[in-house]
Amino acid sequence: MSGLLDDIEAGLHNMSLEVVALRRELGTIESAIARAESQDPTTARPWWRPGGYLYLIHPQVNKQPRLREYVGRDPDAIRAALIRVHVGRVLDGLVARRESVEARARRLHDSVKYTSRGIW
């Protein structure tokens with residue numbers, strides 16, 4: 001019987017460690033998302049025209065025509081626009097990572113909920 005109790009205690013300890021790790025990872029991701037959102041990210045894609053002119057083509061929203069944002073040939077404006085595109089892609093990755101962590105938290109919650117039915 002003590003082996004069974006040891007297994008329960010070890011399982012609860014591991015779950016507690018997982019909760020701490022999930023909370024820490026989610027906090028890190030949330031702060032990175034906040035930093036990325038403060039840098040004016042965009043979901044647009046760069047589109048180069050002959051002559052070195054850059055446009056940002058934004059996704060279609062509500063069946064409206066796509067917005068074409070003129071950036072031009074100025075190197076500083078091009079650099080700023082490409083940084084916005086990069087930050088937007090990074091933000092997409094962070095959001096996907098947050099969803100993954102939240103899914104892991106839901107699975108852990110469900111396992112605790114299922115396990116605790118017989119206890120409580």
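Modeller: In this predicted model, two strands count as paired if DSSP finds at least two bridges between them.

Biologist: In the hairpin of β1 and β2, which residue takes a positive phi?

Modeller: Strand β1 covers residues 45-49 and runs antiparallel to β2, to which five bridges join it. The hairpin has three residues between these strands, and the one with a positive phi, near 95°, is Gly51.

Biologist: Which residue in β3 is the bridge partner of Ile57?

Modeller: Ile57 belongs to β2, where it stands opposite Arg45. Strand β2 is also joined to β3, by four bridges, and these two strands run antiparallel. In β3, the bridge partner of Ile57 is Arg68.

Biologist: Asn62 has a positive phi; what value is it near?

Modeller: Most residues other than glycine have a negative phi. Asn62 lies in the loop between β2 (53-57) and β3 (68-72), and it is exposed because its relative accessible area is 68%. Lys63 lies in the loop between β2 and β3 as well, with a positive phi near 60°. For Asn62, the positive phi is near 50°.

Biologist: Is Lys63 buried or exposed?

Modeller: A residue counts as exposed when its relative accessible area is over 50%. Lys63 has a value of 80%, so it is exposed.

Biologist: What distance separates the C-alpha atoms of Met15 and Val112?

Modeller: Met15 lies in helix α1 and is partly exposed because its relative accessibility is 24%. Leaving out residues up to four places away in sequence, Met15 touches Leu108, Ser111 and Val112. Met15 and Val112 are 97 residues apart along the chain, yet the separation of their C-alpha atoms is 8.6 Å.

Biologist: How far apart in sequence are the parts that Glu25 and Arg97 tie together?

Modeller: The side chains of Glu25 and Arg97 meet in a salt bridge, at 4.0 Å from N to O. Glu25 lies in helix α1 and Arg97 in helix α2, so the pair ties together parts whose separation in sequence is 72 residues.

Biologist: How far apart are the closest N and O atoms of Glu25 and Arg104?

Modeller: Glu18, Glu25, Arg97 and Arg104 are linked in a network of salt bridges. Within the pair asked about, Glu25 is partly exposed at 23% relative accessible area, and Arg104 is partly exposed at 26%. The closest N and O atoms in the salt bridge between Glu25 and Arg104 are separated by 3.2 Å.

Biologist: Is Arg84 buried or exposed?

Modeller: Arg84 and Glu69 meet through their side chains in a salt bridge, at 3.1 Å from N to O. Arg84 lies in helix α2 and Glu69 in strand β3, so the pair ties together parts that are 15 residues apart in sequence. Buried means under 20% relative accessible area. Arg84 has 17%, so it is buried.

Technical notes: Residues are numbered from 1 along each chain as its sequence is written. This is a predicted model: local features need pLDDT of at least 70, side-chain atom pairs count only at pLDDT 80 or more; totals for chains, interfaces and linings use all residues. Side-chain values use heavy atoms; hydrogens and water are left out. Buried means under 20% relative accessible area, exposed over 50%, partly exposed in between (1.4 Å probe, protein chains only). Contact means heavy atoms within 4.5 Å.
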